[in-house]
Amino acid sequence: MQLDARIPAGPIEAKWDRHKAELKLVNPANKRKYTILMVGTGLAGGSAAASLAELGYNVEVFCFQDSARRAHSIAAQGGINAAKNYQNDGDSVRRLFHDTVKGGDFRAREANVYRLAQVSASIIDQCVAQGVPFAREYGGLLSNRSFGGAQVSRTFYARGQTGQQLLLGCYQALARQVAAGRARVHPRTEMLDLVVVDGRARGIVTRDLVSGAIRSWAGDAVVLATGGYSNVFFLSTNAKGCNVTAIWRAYKRGAGLANPCFTQIHPTSIPQAGDYQSKLTLMSESLRNDGRVWVPARPGDTRKPADIPEGERDYFLERMYPAYGNLCPRDIASRAAKRVCDEDRGVGPGGRGVYLDFRDAIQRLGRAVIEERYGNLFQMYERITGEEPYATPMRIYPAPHYTMGGLWVDYNLMSTIPGLYVIGEANFSDHGANRLGASALMQGLADGYFILPYTIGDYLAGAGPSRIPADHAAFQGAQAEVAGRQRRLLAINGRRSVDSFHIELGKLMWNKCGMTRSAASLKECLERIPQLRAQFWEDLRVLGTGDTLNQSLEKAGRVADFLEFAELLALDALQREESCGGHFREEHQTPEGEARRDDQNHCHVSVWEHQGPDRPPQMHEEPLQFEHVPLATRSYK
Amino acid sequence: MDFTLHVWRQAGPDQPGHMELYQARDISPDMSFLEMLDLVNEDLEKQGIEPIAFDHDCREGICGMCSLVINGVAHGQQPATTTCQLHMRHFRDKDSIYIEPWRAAAFPVVKDLVVDRSAFDRVIEAGGFISVNTGSAQDGNCLPVPKDAADTAMDAAACIGCGACVAACPNGSSMLFVAAKVAHLAHLPQGQPEKRRRVLAMVEQMDREGFGHCTNHYECEAVCPKEISRQFIAEMNREYLKAGLQAH
């Protein structure tokens with residue numbers, strides 16, 4: 001496997017401009033002769049599909065939801081970062097770049113991150129022009145808030161529904177292209193395989209989730225914008241449908257998969273209430289702007305929060321990280337919360353929770369201000385827990401939320417398979433080992449609006465229109481494999497439901513490969529996952545047929561892939577003998593319990609290559625160089 | 001808690017449907033409505049009965065995918081709450097609960113409780129956007145937007161496109177959905193150039209899809225999980241009238 005990141009030469013500030021000027025172009029009249037297959041309609045996929053169709057390409061768009069407006073980007077609450085410096089507080093492209101590289105614990109590519117910071121400002125302009133109703137000041141100008149891991153206010157927001165409003169912006173842009181006849185959306189359609197002919201991505205195989213029909217789509221390029229794999233933990237803040245299938249199928253067809261062990265555990269989710277629970281609900285990180293995080297100072301203290309006097313509370317983030325306090329980055333806040341709970345100072349049922357208290361903010365600013373800032377989040381919390389956060393502090397606990405790992409891509413966002421592009425959360429590129437708050441929306445839209453539309457043209461211009469039809473032998477073969485797999489899942493006829501396997505896998509991964517990991521716990525994972533997978537293929541029961549809407553069958557296919565992918569995740573976590581960002585190995589910590597990175601041996605991207613069903617995957621390394629943000633121990637103290 | 005469920009089962013769009021009786025046992029009051037259904041489905045599978053199909057995804061009240069009529073009310077009795085955010089603590093032990101799909105001519109049933117809402121996408125495609133290509137935008141602060149206009153636009157834009165408004169309306173009208181998008185864009189300066197064309201095209205598509213007309217029942221507003229105001233319907237009617245007069 002060749003890992004050429006194709007980072008342009010020259011000073012970092014000029015790389016992207018120079019690269020754009022050197023990329024080959026497709027003649028406007030020829031663009032319609034190229035078909036691009038876009039899988040996924042979140043912020044990355046939706047914005048890319050709309051932008052490519054505007055350019056004149058022929059775009060076929062696929063999503064498993066019933067409409068392109070529902071992808072999980074919609075659930076992002078807090079905001080989107082951009083280096084606009086509207087607040088005059090010293091922000092700049094350089095500072096956003098610096099914060100993101102440092103926040104990612106020095107495991108991202110400098111050149112990619114710099115470009116991300118550069119295009120961030122254009123994203124805001126684009127979204128405003130589309131009619132995204134960002135929060136505004138009385139003077140009519142855009143409002144900003146601060147967010148975890150940053151000391152400037154660079155986050156733009158639309159109440160607590162920023163992801164929704166940005167997604168509706170690109171959904172509407174896509175709708176306009178559908179009306180213009182340049183894009184077609186295929187909802188309730190799931191990609192189940194990638195077709196590679198002569199080393200190039202030439203199409204995909206999909207299943208129509210309503211009719212069960214399996215069919216092939218030929219194209220000149222395939223773009224995966226299929227999100228992250230947090231649902232490998234079963235309980236996560238992701239939507240129920242989020243899955244690893246698209247990128248896993250691509251991996252099995254030869255695409256390198258990078259850093260799967262970099263998973264983000266978000267500190268502010270509503271704690272799990274019972275075994276029946278189907279998902280965890282996030283409370284926006286923006287709440288940490290005004291809420292103070294604390295637990296009782298004394299272990300085993302079961303008094304009501306109101307009965308615990310000020311002197312007996314431990315505001316542990318403010319105590320441990322005075323410079324950033326409640327706004328320290330996610331990985332650090334999550335581990336601190338786990339630590340105080342492990343000390344038997346956790347609150348709520350099961351002792352797995354910490355308080356997020358708005359008492360002081362309400363006293364300082366008044367209830368009306370807090371209501372305007374967070375009203376919908378407070379409502380959501382009350383709906384789920386039955387408790388009123390204006391009166392009693394919220395309880396929060398960390399939960400799987402985002403995955404920094406994903407398919408390896410070069411500077412052009414192309415995977416190791418020519419013609420296969422990967423954008424948004426599905427790729428590995430910009431967040432290193434930890435993502436900062438309000439940066440996921442920024443990256444998804446940067447990839448979709450401002451990077452892919454330039455870089456994909458270079459590939460298409462070089463390759464020329466594909467002449468491989470959808471009835472080519474490679475398509476027929478892939479289609480037969482997909483159909484065979486559906487039949488196999490239906491034919492097992494065992495005793496256990498799909499969910500029971502998913503829950504078992506999730507518990508294993510959370511306990512042994514979650515917020516902290518050790519060689520012993522990871523070896524246990526590597527032993528138990530294959531056993532569970534074998535049980536799955538022997539004892540699974542999926543009722544109904546394959547030629548109708550069958551939600552159990554859909555889930556079964558996704559869980560089957562999670563059961564394979566989980567092993568690679570654990571393997572990657574085992575080989576990375578260091579703690580960095582969201583990856584915390586118990587063996588590698590300082591005496592104070594902080595992460596200890598190993599830049600000598602692990603300052604690289606780990607890229608896994610599939611070697612066939614019976615051989616272990618092979619790992620390759622892409623070394624990382626830091627010329628602009630000197631390698632340093634991350635400190636938020 | 002235990003419940004008796006009456007659930008609409010329908011094998012496909014052209015098959016007749018019927019209510020089926022199921023028992024939900026040992027339900028925790030802290031469960032969401034969909035978690036209760038997960039448990040029932042788990043039970044049904046054990047008995048060899050195909051699980052109940054229902055739409056859902058984010059389970060945090062924002063994606064707009066979940067869509068159940070619960071005891072005759074779209075998304076259930078709890079105000080400003082989607083089905084996925086409705087919790088069982090709002091029901092009484094031993095209650096009978098009736099669960100049906102959205103019922104509207106423009107939303108044909110796909111299977112059981114799943115309906116086809118693609119008509120909404122086609123209404124947006126007709127004009128629910130601002131025509132601006134990627135890359136052609138000016139600086140975001142070049143055009144100040146008065147705070148109250150931005151706030152009103154956001155009130156309307158909060159619509160999640162779930163379709164509860166249609167399900168609740170005796171006429172199967174989608175006026176609240178369409179009006180929310182018309183108002184969102186009409187309140188912003190960026191939406192002005194296409195204002196007339198937009199409202200005419202969206203209303204025309206809405207009629208073509210077979211949605212009914214608004215006769216001021218306001219059932220839509222009552223069930224809307226995002227509390228979109230019926231006032232936007234009045235605004236849309238005004239915009240439509242103005243646009244129609246100006247067009248001729």
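**View 1. Chain B as a whole, with its contacts sorted by sequence separation.** Among contacts in chain B between residues at least 6 apart in sequence, those that join residues at least 24 apart make up 72%, where two residues are in contact if their C-beta atoms, placed from the backbone, lie within 7 Å. The model shown here and in the views below is predicted, so that local features need pLDDT of at least 70 and side-chain atom pairs count only at pLDDT 80 or more, whereas totals for chains, interfaces and linings use all residues. Residues are numbered from 1 along each chain as its sequence is written, while chains are lettered from A and ligands numbered from 1 in the order in which they are written. Chain B holds 8 helices and 7 strands, which are DSSP runs numbered from the N terminus (helices: H or I, at least four residues; strands: E, at least two).

**View 2. The side of chain A that touches chain B.** The contact takes 65 residues from chain A and 66 residues from chain B. On the side of chain A, the elements that give two or more residues are α2 (43–55), α4 (110–130), α5 (162–179), α10 (367–385), α11 (440–463) and α15 (551–575), and the largest share, 9 residues, comes from α5(A). By class, this side of chain A divides into 27 nonpolar, 24 polar and 14 charged residues, with Ala, Val, Leu, Ile, Met, Phe, Trp, Tyr, Cys and Pro counted as nonpolar, Asp, Glu, Lys and Arg as charged, and the others, Gly among them, as polar.

**View 3. Helices α4(A) and α11(A).** The axes of α4(A) and α11(A) are 9 Å apart and the helices pack at an angle of about 85°, axes being lines fitted to C-alpha atoms, for helices over the stretch in contact, and angles running from 0 to 180 degrees between N-to-C directions. The two helices are therefore roughly perpendicular to each other (65 to 115 degrees; under 35 is roughly parallel, over 145 roughly antiparallel and the rest oblique). Residues of α4(A) including Leu116(A), Val119(A) and Ile123(A) meet residues of α11(A), among them Leu445(A), Tyr449(A) and Phe450(A), and the contact has 9 nonpolar, 4 polar and no charged residues.

**View 4. Helices α13(A) and α15(A).** Helix α13 (residues 498–513) of chain A packs with α15(A) at an angle of about 20°, their axes lying 10 Å apart, and the pair is therefore roughly parallel. Phe501(A), Leu505(A) and Met509(A) are among the residues that α13(A) brings to this contact, and Val559(A), Phe562(A) and Leu563(A) among those of α15(A). The contact of α13(A) with α15(A) has 13 nonpolar, 2 polar and 1 charged residues.

**View 5. Ile529(A) and its surroundings.** Ile529(A) lies in helix α14 (residues 519–539) of chain A and is buried, because 25 other C-beta atoms are within 10 Å. Leaving aside neighbours within four places in sequence, Ile529(A) is in contact with Leu563(A), Ala566(A), Glu567(A) and Ala570(A). Phe475(A), 54 residues apart from Ile529(A) in sequence, is 31 Å apart in space, C-alpha to C-alpha.

Notes. A residue is buried if 20 or more other C-beta atoms lie within 10 Å of its own, exposed if 12 or fewer, and partly exposed in between; C-beta atoms are placed from the backbone.
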